[in-house]
Number of protein chains: 2
Amino acid sequence: MQAMTTTDAHPLRELLPEGRVFDDVDVLEAHRRDRATFCPSGTPSVLVRARSTEDVATTLRWANENRVPVVPQGARSGLSGAANALDGCILLSLEKMDRILEIDVEEQIAVVQPGVINGVLAAAVAEHGLFYPPDPGSRDISTIGGNVATNAGGMCCVKYGVTGDFVRGLEVVLADGRVMRTGRRTAKGVAGYDLTHLIVGSEGTLGVVTEVTVALRPAAARPLTAVAFFPTVADAARTVAGYLGKGHRPSVLEFMDRPTVLAVQKIADLGFPDGMAGMLLVQSDRGEAAPAELAAFEEVARSFDAAEVIVADDPAEGELLMQARRLVGDAHEHLGLALLVDDVCVPRRHLVDLVEGLGRIADQHGVRVLCAGHAGDGNMHPVVAFDSDDEAETARAHQAFDAIMALGLELGGTITGEHGVGHLKRRWLGEELDEPALWTQRAIKNALDPNNILNPGRVLP
Amino acid sequence: MQAMTTTDAHPLRELLPEGRVFDDVDVLEAHRRDRATFCPSGTPSVLVRARSTEDVATTLRWANENRVPVVPQGARSGLSGAANALDGCILLSLEKMDRILEIDVEEQIAVVQPGVINGVLAAAVAEHGLFYPPDPGSRDISTIGGNVATNAGGMCCVKYGVTGDFVRGLEVVLADGRVMRTGRRTAKGVAGYDLTHLIVGSEGTLGVVTEVTVALRPAAARPLTAVAFFPTVADAARTVAGYLGKGHRPSVLEFMDRPTVLAVQKIADLGFPDGMAGMLLVQSDRGEAAPAELAAFEEVARSFDAAEVIVADDPAEGELLMQARRLVGDAHEHLGLALLVDDVCVPRRHLVDLVEGLGRIADQHGVRVLCAGHAGDGNMHPVVAFDSDDEAETARAHQAFDAIMALGLELGGTITGEHGVGHLKRRWLGEELDEPALWTQRAIKNALDPNNILNPGRVLP
């Protein structure tokens, strides 16, 4: 597709209200990429900042008639390149559709526009004693629309589930500009196919979400927190499987390896002990039952040789530890190296094989592999860190990145637990899915977007 | 479609192993219907009792090539007519694929064939200290495959969610006989579109499920139970909304109106007080916190004029009360009247409008309307009871049945919370869904089943 020249005459200017259409070169340049590394981004023809469902519908109708690709964008905090520009595309930003339309305390639901920041929604419902659990690492910057597009996870998911588990209904603009409602406001409903969960996780390739109805929960008790330090990463991994296998339901169960802890300590000294290969961070929000849940954790951790287990006395101390976990992304970036972030998710009993395998992969390819992740879900984020000025090392880094996905699949897992396929893992989808499943996905894409204008080339190989 | 003659020469006999193909008239007659009333059932050409995925694949391949409709069946306990025979169809029974393939205690998942009875799975995992929550009223007879086909609910859903919330992955035979895997074994995964939840609730119209991977939970504490009796149904309904609106999470919250209680008492005398218009049955499985959760219920119930609130002292007494609730279906059948069972689900704050509206509808149409249901979810089963020998009354009963769905929609609800659309509510799907959503559903159906052999005419109007 050839890039259009960016002139004032973009036809969408005539069709959309003022203040929606931007084609200034600097603005377009600033919107070309999400946070994925090593994904190509093309030259967009125009940026549309939608302020209403009608804006989105108008844009898609025109794009469909003129066969122009559309790349929906939220906060561009995604990690798979699904929001990167394509040559000649319309960048369709939903960021300005950022109103919380309704918080219904009695029904425990909220209705929001897609541009609402995850953390803003969580804080708003907390004021009413309610809880929106999905908490991706990006929660302070990522939007609910983006969370829906990737079915985002986070730390609370080990107990409460992922974004899709909280989405009851959607307003979606179809490829040809028609506006569809899916799902419901009620607790249950089985009227027709579940289009809601077909759209959740479809990364902007089947429709553009313009409204989201989410389920909320009553606020949980303030959690208690414990950390445990292990002499080997394998001991930490075995503790995860052992603890959860006993039927405990912590609200957080996170892993960081030693290089990650050291990287975090560089930006926030937490006084963690030296010489440990890995740590686990666990929370229980079960109120009066929390101390017992953490005591059970300590017991399992010590049985797997934890050298130190610290249970935070007060919730504030726990919050500090959680902040340390949330600094992992920044800490990795502060290493000053290029990064490739994996997102494999494996059965918990195979976490040990995964973390041990990472060491082997790092050695084999001569790159650093750091690791942190949502251990309780088996969802880990191994990070390949390398010098991107070194061509040979860069090639080896990509091989290591691929080797980690291969290992995840070999262990009965998935190539992506929560970041999505986007561009980055597109080549790998065919390794995970069988041919009839790929055929089915393509058949649905072709049926709903026959002109292939919605984020073409993303997700499906 | 013309009914085939039933001779020994049915071509599937040549293609399938022995003991799979049945065309004895009595056998076919016995398999023509599910438990829905007033749904047409046609004359099948043959019954295939599949014993393997390969049997299903062979059957569908032949059916697709020969354009013969296929009606998948489990225990035929459905209430929407989705498993009723079509003229000339192949009845494809999954009942004999009834093995629990795996219970993985550490990962808290089970892998089962579709013919496994819900209650059998629940009991099997309970032996390992695990819990499969979805508990449709039919749990002692209905199959997991059928539960998946309708996204079945039940009593525990108010706290734990419906069938689909526990389905991680499926093996599905597509219309042309190809075998597809969807989803995953892991806690999370976003590799490609969520085909799992597209199939869940699709009532055999998009593929035939041959294996189900379900998530389990650690066993909950044995629940404590309370019942409350109210002078009006409106008081009971207001108690539900008031109690849940305060953030309580009971594991069961069920409603029965007076005629239902009386009908149940006829088959199992529970010594319930006289003169009450409605009752609520509530359970808490929060262990040490359960008494407080029930005390909070009592407080709300009394604030809405509950005349009597009884908290069962021991779990066994609670189990008796639950059995009474489970007798509702039988009790209604013992009335000796024809029944039309609604399945509307409304926002909880509108439960009061729903139960009050039922009285009006009964009066207007000159029929009896009894009501019980999963009040905590807003999912009620109003039952229109009438003399089917009386043509005029029968017509009025159907009008009342429709009026209840219209009321559910008017109150912001859905025509079906857990029973599915099947044949019974097909005319009504277009009242609930907008045109683009119907178009999308049809587009998906056409894409995945271009010859329209899979349970044709069901779900989509």
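## Overall architecture of chain A

Among the contacts in chain A between residues at least 6 apart in sequence, 72% join residues at least 24 apart. This is a predicted model, and within it chain A contains 16 helices and 18 strands. Chain A has a radius of gyration of 22 Å, close to the 23 Å that the globule rule gives for 461 residues, so the chain is as compact as a globular protein of that length. Taken along the principal axes, the box filled by the C-alpha atoms of chain A is roughly 65 × 60 × 45 Å.

## Burial, surface and charge

Of the 461 residues in chain A, 61% are buried. The accessible surface of the chain comes to about 16,400 Å², and carbon and sulfur atoms account for 48% of that area.

## Strand β6 and its two partners

Strand β6 of chain A, residues 109-112, is covered on both faces. In a regular strand the side chains alternate between the two faces of the sheet. In β6(A), A:I109 and A:V111 lie on one side while A:A110 and A:V112 lie on the other, and all of these residues are buried.

On one hand, β6(A) is joined by four bridges to strand β5 of chain A, residues 100-104, in an antiparallel arrangement; within this pairing, A:V111 is the bridge partner of A:E102. The hairpin of β5(A) and β6(A) has four residues between the strands, and in this hairpin A:Q108 takes a positive phi near 55°. On the other hand, β6(A) also runs antiparallel to strand β10 of chain A, residues 208-215, and four bridges join this pair as well.

A:N151, although it is not a glycine, has a positive phi of about 50°. This residue is placed in the loop between α5 (144-150) and α6 (157-160) of chain A, and A:N151 is buried, with a relative accessible area of 14%.

In chain B, a positive phi is found at B:E203, a residue other than glycine, with a value near 55°. The loop that holds B:E203 lies between α7 (195-199) and β10 (208-215) of chain B. Is B:E203 buried or exposed? With a relative accessible area of 5%, B:E203 is buried.

Note on methods:
Residues are numbered from 1 along each chain as its sequence is written. Chains are lettered from A and ligands numbered from 1 in the order in which they are written. This is a predicted model: local features need pLDDT of at least 70, side-chain atom pairs count only at pLDDT 80 or more; totals for chains, interfaces and linings use all residues. Side-chain values use heavy atoms; hydrogens and water are left out. Helices (H or I, at least four residues) and strands (E, at least two) are DSSP runs, numbered from the N terminus. The radius of gyration is taken over C-alpha atoms; the globule rule is 2.2 Å times the number of residues to the power 0.38. Buried means under 20% relative accessible area, exposed over 50%, partly exposed in between (1.4 Å probe, protein chains only). Contact means heavy atoms within 4.5 Å. Accessible areas come from the Shrake-Rupley method with a 1.4 Å probe; for residues, only the protein chains shown count as cover. Two strands pair if DSSP finds at least two bridges between them.
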